[in-house]
Amino acid sequence: MALVVPLLLAWSAAAWSVPPAVQARVLALTGPEVDPQSLALSSSAVYLGASLGAGLGGWAIGSLGPRALPIIAGACFLAGIALFGLQGRSTSPTPDRDAESHHADL
């Protein structure tokens with residue numbers, strides 16, 4: 001218990017610190033007229049990913065055995081990193097919305 005509780009606390013803090021940063025990034029990339037829809041789509045993507053991960057994990061354990069799970073998890077991790085790198089190359093920097101609103105006020 002002395003080892004599990006601090007690990008769970010660290011994991012929880014890390015897990016709950018990501019969504020605000022993701023939501024801020026989504027809001028920075030979308031216009032104010034579609035902010036609610038973009039946040040809803042982002043949240044839906046998170047839940048879709050969680051359900052696909054659970055389904056893939058269940059399939060792997062049932063079909064390939066529990067020893068295949070770390071290999072599949074590692075492959076998914078590498079695929080995610082690769083997609084993240086490709087996404088970074090395909091997007092162009094966008095101006096900050098605060099800067100745009102500041103110029104509108106002038």
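The second largest pocket of this predicted model holds about 270 Å³ of space, where a pocket is an open set of points on a 1 Å grid over the protein atoms alone, fitting a 1.4 Å probe and having protein on both sides within 12 Å along at least five of seven lines. Grid points are joined across faces, edges and corners, and a volume is the space filled by probe spheres set on the points. Lining residues, which have an atom within 4 Å of a point, include Trp16, Pro19, Leu39 and Tyr47 in the second largest pocket. H1 and H2 each supply at least two residues of that lining, and the largest share, six residues, comes from H1.

The largest pocket is lined by 15 residues, with Val22, Ala45, Val46, Gly80 and Phe84 nearest its centre. Helix H1 (4-29), helix H2 (35-64) and helix H3 (69-90) are the elements that give two or more residues to this lining. Val22 and Val46 also belong to the lining of the second largest pocket. The table sets out volumes and residue classes, for which Ala, Val, Leu, Ile, Met, Phe, Trp, Tyr, Cys and Pro count as nonpolar, Asp, Glu, Lys and Arg as charged, and the others, Gly among them, as polar.

| Pocket | Volume | Lining by class |
|---|---|---|
| Largest pocket | about 670 Å³ | eight nonpolar, six polar, one charged residue |
| Second largest pocket | about 270 Å³ | eight nonpolar, three polar, no charged residues |

The protein chain has four helices and zero strands, these being DSSP runs (H or I, at least four residues, for helices; E, at least two, for strands) numbered from the N terminus. The 30 residues of H2 should span 44 Å at 1.5 Å a residue, and its end C-alpha atoms, 42 Å apart, agree with this; the expected span is 1.5 Å times one less than the number of residues. Asp35, Ser38, Ser42, Gly57 and Ala60 of H2 are buried, that is, under 20% relative accessible area with a 1.4 Å probe, protein chains only. After H2 comes Gly65, with a positive phi near 95°.

Confidence is given as pLDDT, from 0 to 100 for each residue, and its mean over the protein chain is 84, with 84% of residues reaching 70 or more. H2 has the highest mean, 91, and helix H4 (residues 97-105) the lowest, 51. Where pLDDT is low, the predicted coordinates should not be read in detail.

Residues are numbered from 1 along each chain as its sequence is written, and side-chain values use heavy atoms, without hydrogens or water. Local features need pLDDT of at least 70 and side-chain atom pairs count only at pLDDT 80 or more, whereas totals for chains, interfaces and linings use all residues.

How values were computed. pLDDT = per-residue confidence, 0-100. Buried < 20%, exposed > 50% of the residue type's maximum accessible area, 1.4 Å probe, protein only.
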